[in-house]
Amino acid sequence: MKMRVKMGTVVPKMGTFLHPEDVPGDYPAAVAMALHAELGSTHRAIKSAMRWTGASERTVKYWFAGERGPSGEHLVSLARHSDVVLVLLLTMADRLVLEDGEG
């Protein structure tokens, strides 16, 4: 499924995609869902998110648990490394546009 956003930015195909109707309205829960979809639920996943953002282990564990959401700077770092987080961000901002015939 090829997706693009307004202004011609193309989001690459992903094996694990969060459909807009599956995204929780709660920001921390939505980020947790995206992180689990992209990285899994292991300690290695937490370490990867720590490397991507420079955040502490405790902070990243809060994100994975859906108890807190990342700040703007950390969210940008996550989106830089994770296609699923990028699509989540675009979906929550109502900026994700599927091409005709997709969905």
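**Figure 1. Packing of helix α2 against helix α3 in the predicted model.** Helix α2 spans residues 43-53 and helix α3 spans residues 57-65; their axes cross at roughly 115° and come within 9 Å of each other. Angles of 65 to 115 degrees count as roughly perpendicular, and α2 is therefore roughly perpendicular to α3. The crossing of the two helices is right-handed.

**Figure 2. Residues at the contact of α2 with α3.** From α2, the view shows His43, Ala45, Ile46, Lys47, Ala49, Met50 and Thr53. These residues meet Glu57, Val60, Lys61, Trp63 and Phe64 of α3. Sorted by class, the contact comprises 7 nonpolar, 2 polar and 3 charged residues.

**Figure 3. Packing of helix α1 against helix α5.** Helix α1 is formed by residues 27-39 and helix α5 by residues 83-92. Their axes lie 8 Å apart, and the helices pack at an angle of about 150°. Because angles over 145 degrees count as roughly antiparallel, α1 and α5 are assigned to that class. The crossing of α1 and α5 is right-handed.

**Figure 4. Residues at the contact of α1 with α5.** On the α1 side, the contact involves Tyr27, Ala30, Val31, Ala34, Leu35, Ala37 and Glu38. Their partners in α5 are Asp83, Val84, Val85, Leu88 and Met92. By class, this contact contains 10 nonpolar and 2 charged residues, with no polar residue. Glu38 in α1 and Asp83 in α5 belong to the charged class.

**Figure 5. Arginine side chains over the ring of Tyr62.** Arg58 lies over the face of Tyr62, at a distance of 4.4 Å from the ring centre. Arg68 also lies over the face of Tyr62, at 3.9 Å from the ring centre. How many aromatic pairs does a search of the whole structure find? The search returns 0 aromatic pairs, and the view of Tyr62 accordingly presents the two arginines, Arg58 and Arg68.

Note on methods:
Residues are numbered from 1 along each chain as its sequence is written. This is a predicted model: local features need pLDDT of at least 70, side-chain atom pairs count only at pLDDT 80 or more; totals for chains, interfaces and linings use all residues. Side-chain values use heavy atoms; hydrogens and water are left out. Rings of Phe, Tyr and Trp (its six-membered ring) pair if their centres lie within 6.5 Å; planes under 30 degrees apart count as stacked, over 60 as edge-to-face and the rest as tilted. A charge sits over a ring if NZ of Lys or CZ of Arg is within 6 Å of the ring centre and within 35 degrees of the ring normal. Axes are lines fitted to C-alpha atoms, for helices over the stretch in contact, and angles run from 0 to 180 degrees between N-to-C directions. Helices (H or I, at least four residues) and strands (E, at least two) are DSSP runs, numbered from the N terminus. Angles under 35 degrees count as roughly parallel, over 145 as roughly antiparallel, 65 to 115 as roughly perpendicular and the rest as oblique. A crossing is left-handed if the near helix is turned anticlockwise from the far one by less than a right angle, and right-handed if clockwise. Contact means heavy atoms within 4.5 Å.
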